[in-house]
Amino acid sequence: MSLLKGIYASIWMGWQREMKWTNPALSFLIKTVAPTAAVLGAAAVYWFGSSFAGLFTPERLAYIVIGASLYAQVGAYAFVPTSAIAEGKWSNLYPQVYITPTSSIPYLAGRCLASFVDSAPVVAISITASYYASYTLFGAAPTILVSLRSILMVTAALLLSLPAALALGYILGSYSIFVSRFEWALPSYVSGVLMIFSEALFPASILPYPLSLIAEALPFTYLMRASRAALISDSWTLYVNSMAFLALGGIILFAIGIVAFSYAERSARARGFIDKKVM
Amino acid sequence: MHVDLNLWLRTAYSRAWVRVKSTYGEPIWVAVNLSVPLLSSCAMALLYDSTGLTNYTGFAILGGIMLAFWGNVLWSMASQFNWDKEVGIFEIYLVSPAPISAILVGMSLGGILATAPSAAFVALIGWTFFSLSITPAWPAVFLTFILTLASLYAMGMLLSSLYLVYGREAESLNSAIGEPINFLSGIYFPSIGTGSPFPFALQIVVSIIPLTIGMDALRKSVFYAYDIRLVWLDLVILAVMAIVLLFLGDRALKALEERGRRLGTLVVRLR
C-alpha cells in the first residue's frame, strides 16, 4: 500500500514539475510544439529527398510521421532520471526522498509514469498536426489508418512499452545517482542513439551489420513496429509478433534496470553520493 | 553615455577567456556538446540515405555543424544570464563597472571558440562515414559562416536580455523554440528557394530567422560552388541582421535591466 502511495505521490510531483510551471494548458501546448516541429522536420527531409529522386510515397511519409512522433515519447523517458535525481540533488529533494521508508525505486517509477501520462497525448497531437501540416506543405497526407481498433492497438503498444520505459529510467537513474556534473550528457546520448537505433525514422536494415542487431535487441524498436502495424499496414501478425518482442524485451530490460538501480543506490549510499553536489 | 574602450575590451576578453578555458581545460565538454548535433545529423543523413539520395547527406552534416552553434546560442547565450542569476554571478556583473554588452560579446566569442571543436567533430565524422560530395567556393563559405555566426549570436544576445525577465520558464522556452526554429530555418533541408516545401508567404516569414538565410547561403556555397557574387544578397541580409539584432539586444537589455531594478526582480531566484 505504501508502495502505491509512494508511486502516486511521485506521479503527482512529476506532473507538478513538468506541467505546473505555468498554466497547464500553455505548458501542454509548449510541450507539444517541439515534438511536432521535429516530426515535420523529419517529414520535410524525406519529402525533399524522395521528391527529387521520384521515390515519394505517402506510406513512407506515414512511417516517418508515426516513428518520429513515438520517438518524442521514447526520448522523453531518457531525461526523467536526470530530472528526478540529478536535479533533485540540487533542489535537496532527492536526499529527502531517499530517506523515506519506500526508497527511491517507487519515486523513479512515479516520475516515469508521469512522463508517460504527459507525453502520450503529445504523440497523438503530433501525429494529427503532422498529418494536416503534411497535406498543406507537401501536398500529400500520410496514409494512416485511423479507427477505434487501430487507436486501441497503439494504446496497448504504448502501455506495453512501460516496463521498457521504466527500465530505461532505472538504468539511467543508476548513472544519475553518481553524477554531480555533466548530468545531461548521458541522457542526451541515449536519446540520440534511440533516434538512430529504434527505427524512429528509417528501417534498421539500412544500418550496417552488426549495428542493425542493436536495433533488433531494443524493445522500443518493437513499439515502433507494433504501432506501424496498427496504423499503416493493418497487419495483425506483425502486430502480435512485435507486441510479444516488446513484452519480452521490456521484462528483461526491467529486471536489468531494477538490479542496476538497487546496486547503484546501495553503492551510492555507502560512498556518500546521495546528496553530493558540485558548486 | 561614455564607454571606456579599454574596460570594455578587457571585460569581453575576460568573459571569453572563462568560456574557452572551461571547454579546453576540460575536454569532456566537447563530448558533452557533441551528442545532439552529431546524433541528429547522423539520423538525418541516414534518412537521406534511406530515400536513395546519398548526394544530400551533406545537407544533414552541414545542418549538424550549424546545430552545434545554434544549440550553444540557445543554451549558453540566451539562458546564460538566467543561470548566472541562479548561482549569484549576475549580481556581481551588475555591481561591477564591467559593461554588460562587453560581457555578452565576450560570451559570444568564447562560445564560438568553445563550440568549434564539437562542430569540427561533426564535420569529421560526417566526412568519414558518409560519402559527402562538396564543391565549395571557400571565400563565400568563410564569409557566410562568419556572418551567420555573427547574426546568430546577436540573436542570442537579444534572447538573453528577454530571458532576464523569466525564471525557470527560460528552460521550457528554450526547449519549445529549439525544434521549431530547426524546422523553419531548414537546418537539414532547404526551407527557402528551390526545393522548399513552404509556400512563398511562409518562406518570407522564416527569412527573418538568421539561421534560415545562413543555411541557405552555406548550402549554395558549400555544395553548389556559389561564389560571393552569387550569394552577396544573403551576405548583406546577414550583416544587416547582425547589426540590427545587436542594437535591439543592447536596447532590450538596458530596458529590462531598468525594469528589473525598479521592480526589484532583477536578482530574484527560484528555489
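Let me start with the buried residues of α1 in chain B, which are B:Thr11, B:Ala12, B:Arg15, B:Ala16, B:Arg19 and B:Thr23. Taken around the helix axis, these residues cover an arc of only 120°, which puts them on the same side of α1(B); the arc is that of the directions from the helix axis to the C-beta atoms. By buried I mean that 20 or more other C-beta atoms lie within 10 Å of the residue's own, while exposed means 12 or fewer and partly exposed means in between, with C-beta atoms placed from the backbone.

Before I go on, please keep in mind that this is a predicted model, in which local features need pLDDT of at least 70 and side-chain atom pairs count only at pLDDT 80 or more, whereas totals for chains, interfaces and linings use all residues. Residues are numbered from 1 along each chain as its sequence is written, and chains are lettered from A and ligands numbered from 1 in the order in which they are written.

Staying with α1(B), what do its buried residues pack against? They pack against α2 (28-50) and α6 (100-129) of chain B, where contact between two residues means that their C-beta atoms, placed from the backbone, lie within 7 Å. On the face turned away from the buried side, α1(B) carries the exposed residues B:Asn6 and B:Lys21. The helix itself covers residues 5-24, which makes 20 residues, and from its first C-alpha to its last it reaches 28 Å, close to the 28 Å expected at 1.5 Å a residue; that expected span is 1.5 Å times one less than the number of residues.

For chain B, with 271 residues, a compact globule would have a radius of gyration near 18 Å, and the chain has 19 Å, which agrees. For chain A the radius of gyration is 19 Å, close to the 19 Å that the globule rule gives for 279 residues, so chain A is as compact as a globular protein of that length. The radius is taken over C-alpha atoms, and the rule is 2.2 Å times the number of residues to the power 0.38.

Along its principal axes, the C-alpha trace of chain B spans about 60 × 40 × 35 Å, and the C-alpha atoms of chain A fill a box of roughly 60 × 45 × 35 Å. Buried residues make up 51% of chain B, and 51% of the residues of chain A count as buried. Among contacts in chain B between residues at least 6 apart in sequence, 82% join residues at least 24 apart, and the corresponding value in chain A is 80%.

How many residues of chain B are in contact with chain A? There are 34 of them, and they meet 33 residues of chain A. The elements that give two or more residues to this side of chain B are α2 and α8 (169-184) of chain B, and α2(B) gives the most, with 14 residues. By class, this side has 20 nonpolar, 10 polar and 4 charged residues; Ala, Val, Leu, Ile, Met, Phe, Trp, Tyr, Cys and Pro count as nonpolar, Asp, Glu, Lys and Arg as charged, and the others, Gly among them, as polar.

I will finish with some backbone details. Most residues other than glycine have a negative phi, and most peptide bonds are trans. In chain A, however, a cis peptide bond joins A:Tyr209 and A:Pro210, with omega about 5°, and A:Pro210 lies in the loop between α8 (185-197) and α9 (211-217) of chain A. The loop between α8 and α9 of chain A also holds A:Glu199, which has a positive phi of about 60° although it is not a glycine. A:Glu199 counts as buried, with 27 C-beta neighbours inside 10 Å. In chain B, phi of B:Ala225 is near 55°, again a positive value in a residue other than glycine. B:Ala225 is in the loop between α10 (210-223) and α11 (228-263) of chain B, and with 15 C-beta neighbours inside 10 Å it counts as partly exposed.

Note on methods:
Helices (H or I, at least four residues) and strands (E, at least two) are DSSP runs, numbered from the N terminus.
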